Amino acid sequence: MKTPLKKRLAFMKSLKVAIPGLLITYLLYAYVTARPPDYCAKEKRIIPKDEMCIKLYDKTIERGDLLLGPTEKTGRDYHANHPDNCQVEPEEPNGFRLGGIFEGFFDDRLEAFIRYEMTDKAKQSNGNTRRWEEWDIITSCGEITRRSGDNAN
């Protein structure tokens with residue numbers, strides 16, 4: 001026996017209301033439970049910007065690029081003596097991005113800008129420049145995903 005037309009139309013009408021309602025409910029749930037853009041899932045915390053700078057300086061020291069002063073042995077020491085030479089901010093979107101609006105939901109990239117004095121070895125490979133400005137794209141856990149540099153004599 002076939003379902004009467006009125007019952008089929010009522011069912012279709014209820015779907016027209018239910019589907020947008022479910023979608024709105026899901027989007028509200030996703031918005032409320034979303035992690036902040038600078039949340040590091042590996043460490044289950046937001047890493048402070050000073051700690052990010054220290055990690056970046058430590059990596060630069062490991063590469064042999066950063067010239068340490070007489071009282072400096074680590075990235076922490078260097079950052080303490082030069083606190084204005086590092087900035088970490090959320091990445092600014094520029095123009096059209098491949099992922100569109102949804103890229104922001106899954107993207108945790110930050111921009112880091114550091115300035116430092118170079119070692120003699122690093123000077124030779126970078127055109128005998130004394131000071132170096134480096135712009136990095138990093139994850140919210142401090143891992144460098146893209147590096148670039150520019151000399152600042």
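A disulfide is counted here when two cysteine sulfur atoms lie within 2.5 Å. The model is a predicted one, and the structure holds two disulfides. With the bonded cysteines numbered in sequence order, the pairing is 1-4, 2-3.

**Disulfides**

| Pair | S to S distance |
|---|---|
| C40 and C141 | 1.9 Å |
| C53 and C86 | 2.0 Å |

In the disulfide of C40 and C141, the sulfur atoms are 1.9 Å apart. The torsion about this S-S bond is about 100°, so the disulfide is right-handed. C40 belongs to strand 1 (residues 39-40), while C141 sits in the loop between strand 5 and strand 6 (144-151), so the pair ties together parts that are 101 residues apart in sequence. C40 is buried, its relative accessible area being 0%. C141 is buried as well, with a relative accessible area of 11%.

The disulfide between C53 and C86 has an S to S distance of 2.0 Å. Its torsion about the S-S bond is about -90°, so this disulfide is left-handed. C53 lies in helix 2 and C86 in strand 3 (residues 86-90), so parts that are 33 residues apart in sequence are tied together by the pair. Both cysteines, C53 and C86, are buried.

C53 is placed in helix 2, which spans residues 49-63. The relative accessibility of C53 is 2%, and because buried means under 20%, C53 counts as buried. Residues up to four places away in sequence aside, C53 touches H79, C86, Q87 and V88. Between the C-alpha atoms of C53 and R76, which are 23 residues apart along the chain, the separation is 8.4 Å.

D136 is part of strand 5 (residues 131-138). Is D136 buried or exposed, and which side chain of opposite charge is nearest? D136 is buried and has no salt bridge; R147 is the nearest side chain of opposite charge, at 4.2 Å. Beyond its neighbours within four places in sequence, D136 is in contact with L56, L110, E111, A112, I144, R146, R147 and S148.

**A nonpolar surface patch**

L23, Y26, L27 and Y29 make up a nonpolar patch on the surface, and together they have about 470 Å² of accessible area. One of these residues, Y26, is found in helix 1 (residues 5-33). Y26 has a relative accessible area of 52% and is exposed.

Key:
Residues numbered from 1 in each chain as written. Predicted model: local features only at pLDDT ≥ 70, side-chain atom pairs only at ≥ 80, totals over all residues. Heavy atoms only, no water. Helix = DSSP H or I, 4+ residues; strand = E, 2+ residues; numbered from the N terminus. Buried < 20%, exposed > 50% of the residue type's maximum accessible area, 1.4 Å probe, protein only. Contact = heavy atoms within 4.5 Å. Patch = residues over 30% accessible without salt bridge, like charges linked within 9 Å, V, L, I, M, F, W, Y side chains within 5 Å. Areas by Shrake-Rupley, 256 points an atom, 1.4 Å probe, with all protein chains shown as cover. Salt bridge = Lys/Arg side-chain N within 4 Å of Asp/Glu carboxyl O. Lys, Arg positive; Asp, Glu negative; His and termini not counted.
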